[in-house]
Amino acid sequence: MFPVLQSNLPYLLQGAVYTVILSAIVVSCGTALGVGIGVLASVGGAILRSIITAYIFLFRGVPVLVIMFLGFYSFPALGLRLDAYTAVAISMIVYVGAFVAEATRGAIAGVPTGQTEAAKSLGMRKGKMMREIVLPQAMRLVIAPVLNISLMAIKQTSYASIVGAWELSFAAREVVERTLAAFQIFLGVMLIYFIICYPLSLAARALDKRLAFDS
Amino acid sequence: MDAFVIFFTRYLPAFADGFLITAGVAALAAPAALIWAIVLIIPRLAQWTWASRLVDAYVEVMRNSPLLVQMYLLYFGLPLLGLFWSSIVCGVIAIASQHGAFLSEILRSGIQSLSQRQWEAGSAIGMRRFAVIRLVILPQAFIKVLPALGNQLIVLVKDTSLVSAIGVMDLTLTGKMTIERSGASFEAFIAVAFFYLILTSTLGLVLRIIEVRAARRYG
């Protein structure tokens, strides 16, 4: 029924593997970075806090595509020879980190003050209180936003093709330029992205509902 | 730093043009997305079962596939149907159709959060269903989801950068062209990032003021 899509499917799926790998790297490293920075923002001093606030403000206010280009062009200027794929991965990790840091900061602030007051009245030190009282509760609150951010990030890995990194969207454009079968290929590629994203988006929604129910 | 200033002043006119194109695309796409969002919640409000299922499917597809591919689909697909629309038009339609889906989800959650009594009170004083929706439900839902709508609008402004991929000379493409023409490198994108920050933070500020005013007046 879709001859062009069928004959090019192996090529597109190869691109999808690159998309999935890029997404996995960006989501896992970006989440780790963001949670770390979010925690730092909650325990650090005023200077550290304002640096982190600036980082979050700057990266959240600029399109991810611009961040990708910025990374792509500034790594060589810093003397680093990176291929487009790596440059995009690093840029996206820093970008996703800003969103996760904001979510983490919000989640930590969302832990009821009664909890920290109780910990303090038991004589807990700040570090122990963070580790054993605040973080376990905050992490529960942060899962749903992180899932939504991950979903956003997976879709944004397609922008890597504009910078020149080969993945699913890049492969799709190559095939369309060769075959002109825009509908078959791009609709097929949308379906591939849908298959990658849909489970995550179902999980995010289920979690949203459960957390809303709990509270 | 000096080099940066010289570079910046020389290419300022180009960036100003790019800035206007980006702002223009956003100014076209944002109202279009909002109107589309309202159209998309009509079937659910009117309780047309099949149409609302269709809308649900549409929203799922939009939520779970990248805007870039949707934009490519329009830009490379429409000419095959004999429609030779400009890249700006394709970009605006693609942005409006994805963000319309997101905005309609937000509006829907706002409508769901309203008490059932609002509907009942409306019909109790003899309003028709359409009048209840227009005069009672939508205004309240709108106020309730104003912060979420605002955030989504800022995402929309950032997403306009994708029109550069189909050849619209916006801020992002201006940055890339400047690099190719001048031999500068990342400085161009620092300027681009700066202009986007101005755009998104100004919009953020305006939306905050609107939110605070609305909360004071209707909250």
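1. Between chain A and chain B of this predicted model, the count is one salt bridge, a term that here stands for a side-chain nitrogen of Lys or Arg within 4 Å of a carboxyl oxygen of Asp or Glu. The partners are A:R205 and B:E60, whose closest N and O atoms are 2.9 Å apart.

2. Eight residue pairs, both at pLDDT 80 or more, are in polar contact between chain A and chain B; such a contact is a pair of N or O atoms within 3.5 Å, where within protein one must be able to donate a hydrogen and the other to accept it, and where residues adjacent in sequence count only if both atoms are side-chain atoms. The side of chain A that touches chain B draws at least two residues from each of several helices, among them α2 (46-60), α4 (84-110) and α6 (126-156), and α9(A) gives the most, with twelve residues. Helices are DSSP runs of H or I with at least four residues, strands are runs of E with at least two, and both are numbered from the N terminus.

3. By class, that side of chain A has 27 nonpolar, six polar and four charged residues, with Ala, Val, Leu, Ile, Met, Phe, Trp, Tyr, Cys and Pro counted as nonpolar, Asp, Glu, Lys and Arg as charged, and the others, Gly among them, as polar.

4. The contact, meaning heavy atoms within 4.5 Å, takes 37 residues from chain A and 39 residues from chain B. About 3400 Å² is buried between the two chains, 75% of it on carbon and sulfur atoms; buried area is the accessible area (1.4 Å probe) that two parts lose on being put together, summed over both. In chain A, the residues that lose the most area to chain B are A:Y73, A:F183 and A:M190, together 18% of what that side buries.

5. An unreviewed UniProt entry places "domain: ABC transmembrane type-1" at residues 16-204 of chain A, although such annotations may be inferred rather than shown by experiment. Over residues 16-204 chain A is 86% helix and 0% strand. The "transmembrane region" annotation, also from an unreviewed entry, includes residues 55-78 and 84-101 of chain A: residues 55-78 are 83% helix with end C-alpha atoms 20 Å apart, whereas residues 84-101 are 100% helix with end C-alpha atoms 25 Å apart.

6. On confidence, the model scores ipTM 0.91 and pTM 0.91, and chain B averages a pLDDT (the predictor's confidence in each residue, from 0 to 100) of 90, with 98% of the residues scoring at least 70.

7. Residues are numbered from 1 along each chain as its sequence is written, and chains are lettered from A and ligands numbered from 1 in the order in which they are written. Local features need pLDDT of at least 70 and side-chain atom pairs count only at pLDDT 80 or more, while totals for chains, interfaces and linings use all residues, and side-chain values use heavy atoms, with hydrogens and water left out.
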